[in-house]
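Subject: Structure handover

Hello,

Here is the structure you were waiting for. Please open it alongside this email, and then read on for what turned up.

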Amino acid sequence: MDQPESSLPHAAVQKGQTPRREELVRLIAQSLYSLGYRKAAATLEAESGVPLYPPEHDRLLLDVMSGRWDACAATIDSLTGITERNRAVAEFLVWRGHFLELLGTGDAGLRLATEVLSRRIAPLAIDRRCVHWLARAVVTSEGAVAPEAVAECRIGLFLDLVEALPPWFRVPSGRLEHLVETAVIQQVASCICHNLPDEVTLFEDHKCHEEQIPSDCAQHHPSLCWLLEAYNYHSTGTCASEILCAHKNEVWFVRFSNDGNYLASSSSDCTAIIWKVEEDDTLTKKYCLEGHKSPISFVAWSPNDRMLLTCGNGESLKLWNVDTGECNLKFGASVKHIIASCAWFPNSEKIVCASCEPESSPNMIFTCDLEGQELEMWAGERIPKVSDLAVTPDGQHLICVCPNEIWIRELRKGREWKIPERQTISSLSLSGDGQSMIVNLNSQEIHLWKTNGSSRVPDKYKGHKQGKFVIRSCFGGSDYLFIASGSEDSQVYIWQRGMEMPIKVLYGHSMTVNCVSWNPARPQMLASASDDRTVRIWLAHKPHSLT
């Protein structure tokens with residue numbers, strides 16, 4: 001049965017108007033006032049016949065400012081849609097205000113204040129500690145309102161009352177903007193292909209097409225790379241559009257620079273290559289870094305992108321100048337350990353390394369400066385055997401992955417904790433904001449954990465193939481909403497972070513895809529490195545021009 005009109009709040013009693021229509025008018029009026037369009041807001045109120053505030057609001061404001069306390073209590077008692085608890089709180093605020101004003105008049109108001117306390121405040125269903133505090137104030141005069149402060153205190157009283165009264169009584173500041181922003185956030189969250197941070201508009205429902213996910217790449221077979229190089233590579237430094245063919249053996253690692261202007265790749269041919277990302281999304285070879293005698297298993301860009309670390313299997317680190325392509329330092333001169341993995345600190349002046357020593361030697365993690373001098377060291381039986389590590393962008397946490405656990409150390413306080421995994425971990429990747437991390441497991445799953453240790457269970461991603469080799473994944477896209485991974489079935493898999501199964505599978509490589517990297521500055525560009533000796537650059541679909 002419909003509720004009788006007389007019992008509805010004021011927002012629903014205008015004849016011929018639905019409650020939702022009147023709410024919308026009031027929201028728009030409040031927004032216009034907040035934007036400074038006072039004349040437009042007043043015109044809307046007059047033409048619609050819907051005032052921004054209901055009569056009860058204006059009546060209560062006038063009664064509070066005039067000190068008509070019984071009238072205030074009567075208005076509160078007449079309101080609908082208010083819980084009994086909030087009604088008691090509102091009445092307490094009114095009578096407390098009256099009580100403190102009486103105390104402020106000195107001995108003349110003391111008797112009346114005591115009557116208000118016993119007759120008006122004490123019977124209310126409120127926290128008794130509030131009543132006891134007011135009782136003490138009769139003796140101490142604590143909180144008494146002096147006559148010259150009455151107007152200011154009454155304004156504060158009214159604002160406190162508004163917070164205790166039902167939503168229809170007033171329109172919260174910025175309410176319409178909040179509703180619109182919430183709707184946009186919800187639409188973006190439900191868009192599984194959202195990869196256009198600058199193209200969200202209020203003029204239409206938001207939905208990204210799957211073409212916004214990197215998926216276009218020249219589909220030449222890798223065995224034709226020699227032919228493509230003959231015609232293209234030697235003259236331009238590129239190879240067949242989005243396939244980079246300069247390595248002579250398996251490509252194990254690939255990583256975009258932090259500013260997205262360069263790409264580094266490393267290979268079992270014992271070289272690393274720095275590629276320049278051009279404005280038209282093509283890549284040209286800048287430098288081939290030679291000097292390692294073993295396959296290069298990984299590279300690491302300095303946070304300022306001026307230096308690049310390379311690490312060969314069983315070799316020490318090399319530090320390269322990105323501008324000149326020259327090797328500035330070989331860490332073996334002073335660092336006497338075989339490096340398994342390393343990472344930069346955010347100031348680009350210090351690195352942390354994990355050593356991979358013979359079985360008879362202890363595991364070791366140490367930091368060193370760019371001269372190769374050791375600064376700190378953690379060694380001993382409690383130090384795990386580390387296969388991959390990272391430092392959060394704020395420099396606060398060191399994260400290491402061991403065969404079956406993630407080891408996190410809070411560097412300043414020395415606090416440590418571990419996250420166990422049942423299967424062997426092969427690699428680690430941090431989100432750009434350092435809030436999340438993903439690990440690849442040989443059980444053909446990727447697990448996402450919070451770096452602050454708040455995750456009880458990880459988010460899981462499945463669908464790719466991994467059992468024998470080290471496969472590396474990464475975060476990417478707009479606001480790091482996606483995860484990409486290589487796979488032993490020669491494909492690249494892409495997940496939306498909220499979905500367990502992939503939303504996109506990229507075909508093109510002919511052998512295991514070892515590593516992927518998403519361009520942090522160009523969310524529609526993804527790179528993949530494969531045993532087929534190529535690096536592929538995947539781009540979002542670009543419609544062909546009709547001209």
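Two strands count as paired if DSSP finds at least two bridges between them. Strand 23 (residues 482-485) and strand 24 (residues 492-496) are joined by 4 bridges and run antiparallel. One of the bridge pairs is A484 with I494, the latter in strand 24. Please keep in mind that this is a predicted model.

**Overall picture**

The chain has 10 helices and 28 strands. It is 547 residues long, and buried residues make up 49% of them.

Another open sheet of 4 strands has the order 14-15-16-17, and its pairing is antiparallel. Its edge strands are strand 14 (388-391) and strand 17 (416-420), each pairing on one side only. Neighbouring strands here are turned by 15 degrees against each other on average, direction ignored. Strand 16 (residues 405-410) is joined to strand 17 by 5 bridges, and the two run antiparallel. I406 has I419, in strand 17, as its bridge partner.

**Salt bridges**

Side chains of opposite charge can pair when their charged atoms come close. The structure holds 15 salt bridges.

- R20 and E23: their side chains meet in a salt bridge at 3.7 Å, N to O. Both residues lie in helix 1 (residues 19-35), 3 residues apart, which is about one turn of the helix. R20 is exposed, at 65% relative accessible area. E23 is partly exposed, at 39%.
- E101 and R154: this salt bridge spans 2.8 Å, N to O. E101 sits in helix 5 (residues 84-103) and R154 in helix 8, so the pair ties together parts that are 53 residues apart in sequence. Are the two partners buried or exposed? E101 is buried, because its relative accessible area is 12% and buried means under 20%. R154 counts as buried too, at 13%.
- E405 and K418: the closest N and O atoms of this salt bridge are 3.6 Å apart. The pair links distant parts of the chain, with E405 in strand 16 and K418 in strand 17, 13 residues apart. E405 is partly exposed, with a relative accessible area of 22%. K418 also counts as partly exposed, at 47% relative accessibility.

There is also a network: E445, K462 and E500 are joined into one by salt bridges that share partners.

**A nonpolar surface patch**

Which residues form the nonpolar patch on the surface? They are L61, M65, I155 and L159, with about 330 Å² of accessible area together. Helix 3 (55-66) and helix 8 are the elements that give two or more residues to the patch. L61 is in helix 3. At 32% relative accessibility, L61 counts as partly exposed.

**Two serines with positive phi**

S141 is not a glycine, yet its phi is positive, at about 65 degrees. S141 lies in the loop between helix 7 (128-140) and helix 8 (150-164). With a relative accessible area of 39%, S141 is partly exposed.

S348 has a phi near 60 degrees, again a positive value in a residue other than glycine. Its place is in the loop between strand 10 (339-344) and strand 11 (350-355). Is S348 buried or exposed? S348 counts as buried, because its relative accessibility is 5% and the cut-off for buried is under 20%.

Best wishes

Notes:
Residues are numbered from 1 along each chain as its sequence is written. This is a predicted model: local features need pLDDT of at least 70, side-chain atom pairs count only at pLDDT 80 or more; totals for chains, interfaces and linings use all residues. Side-chain values use heavy atoms; hydrogens and water are left out. Buried means under 20% relative accessible area, exposed over 50%, partly exposed in between (1.4 Å probe, protein chains only). Patches are made of residues with over 30% relative accessible area and no salt bridge: like charges are joined within 9 Å, nonpolar side chains (Val, Leu, Ile, Met, Phe, Trp, Tyr) within 5 Å. Accessible areas come from the Shrake-Rupley method with a 1.4 Å probe; for residues, only the protein chains shown count as cover. A salt bridge is a side-chain nitrogen of Lys or Arg within 4 Å of a carboxyl oxygen of Asp or Glu. Axes are lines fitted to C-alpha atoms, for helices over the stretch in contact, and angles run from 0 to 180 degrees between N-to-C directions.
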